[in-house]
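Dear colleague,

I am passing on the structure we spoke about, together with my notes on what came out of going through it.

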Amino acid sequence: MTDSPNGKTAIILRTRSHPLKFLVAFLYKPFVTIDGSTSVLPWGEHCFEVTPGPHEVRIALGGSQGLARVDIDVQQGQTVRLNYRGPPNYLMEGKIEIVT
């Protein structure tokens, strides 16, 4: 978590597929849900401007596979960085971590 140089309150999310499962990355896109609002995004890095306070972040592949979730509290002017790695098998859970 870092102070945002531009004063914005944001979550930066980096999504990566498992290195041995390029087919999973080709077939499934991450479904990113922040506080109940879902976006289907390409793999890579994405920035979400959010209001200060608690947020629930959920990421899944193809809707429900590879699910991972985290609750975070974002302070005013702070940027929280998250990394998501898709599972080696689409039936397994993905991993999400807060980058410090």
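Accessible areas here come from the Shrake-Rupley method with a 1.4 Å probe. On that basis the protein exposes about 5900 Å², of which carbon and sulfur atoms supply 54%. Please keep in mind throughout that this is a predicted model.

Overall layout

The secondary structure comes to one helix and nine strands, and from the N terminus on the elements follow the order β-β-α-β-β-β-β-β-β-β. Of the 100 residues, 38% count as buried. Among the contacts with a separation of 6 or more, 61% are accounted for by residues 24 or more positions apart.

Strands β2, β8 and β9

Strand β8, residues 78-85, is joined to β2 by seven bridges, and the two run parallel; in this pairing Arg 16 stands opposite Arg 85 of β8. With strand β9, residues 95-99, β8 pairs in the antiparallel sense over five bridges, and there Leu 82 has Ile 98 of β9 as its bridge partner. Because six of its eight residues are buried, β8 is largely enclosed by the rest of the structure.

Strand β2 covers residues 10-16 and includes Thr 15. Thr 15 counts as buried, since its relative accessibility is 4%, where the cut-off for buried is under 20%. Once residues up to four places away in sequence are set aside, Thr 15 touches Pro 30, Pro 42, Trp 43, Gly 44 and Tyr 84.

The nonpolar core

The largest nonpolar core has 17 residues, and those with the most contacts inside it are Ile 11, Leu 13, Val 32, Phe 48, Val 57, Ile 72 and Leu 82. The elements that give two or more residues to this core are β2, β3 (30-34), β6 (53-61), β7 (65-74) and β8, and the largest share, four residues, comes from β7.

What does Ile 11 touch, leaving aside its neighbours within four places in sequence? The contacts of Ile 11 are with Ile 34, His 46, Cys 47, Phe 48, Val 50, His 55, Val 57, Ile 72, Val 74, Val 80 and Leu 82.

Leu 61, which lies in strand β6, counts as buried because its relative accessibility is 0%. The C-alpha atom of Leu 61 is separated by 9.2 Å from that of Leu 27, although the two residues are 34 apart along the chain.

Salt bridges

A search of the whole structure finds five salt bridges. In one of them the side chains of Glu 49 and Lys 8 meet, with an N to O distance of 3.3 Å. Glu 49 lies in strand β5 (residues 44-49) and Lys 8 in the loop between β1 (2-3) and β2, so this pair ties together parts that are 41 residues apart in sequence. Glu 49 counts as exposed, because its relative accessibility is 58%, whereas Lys 8, at 39%, counts as partly exposed.

Arg 81 forms a salt bridge with Glu 45, and the closest N and O atoms of that pair are 3.9 Å apart. This pair also links distant parts of the chain, with Arg 81 in strand β8 and Glu 45 in strand β5, 36 residues apart. Although β8 is largely enclosed by the rest of the structure, Arg 81 counts as partly exposed, its relative accessibility being 34%.

A further salt bridge joins Arg 58 to Glu 56, whose closest N and O atoms are 3.8 Å apart. Both residues count as partly exposed, Arg 58 with a relative accessible area of 30% and Glu 56 with a relative accessibility of 25%. These two residues also belong to a network of salt bridges that links Glu 56, Arg 58, Arg 69 and Asp 71.

With best wishes

Notes: Residues are numbered from 1 along each chain as its sequence is written. This is a predicted model: local features need pLDDT of at least 70, side-chain atom pairs count only at pLDDT 80 or more; totals for chains, interfaces and linings use all residues. Side-chain values use heavy atoms; hydrogens and water are left out. Buried means under 20% relative accessible area, exposed over 50%, partly exposed in between (1.4 Å probe, protein chains only). Contact means heavy atoms within 4.5 Å. Two strands pair if DSSP finds at least two bridges between them. A salt bridge is a side-chain nitrogen of Lys or Arg within 4 Å of a carboxyl oxygen of Asp or Glu. A nonpolar core is a set of buried Ala, Val, Leu, Ile, Met, Phe, Trp, Tyr and Cys residues joined through side-chain atoms within 4.5 Å.
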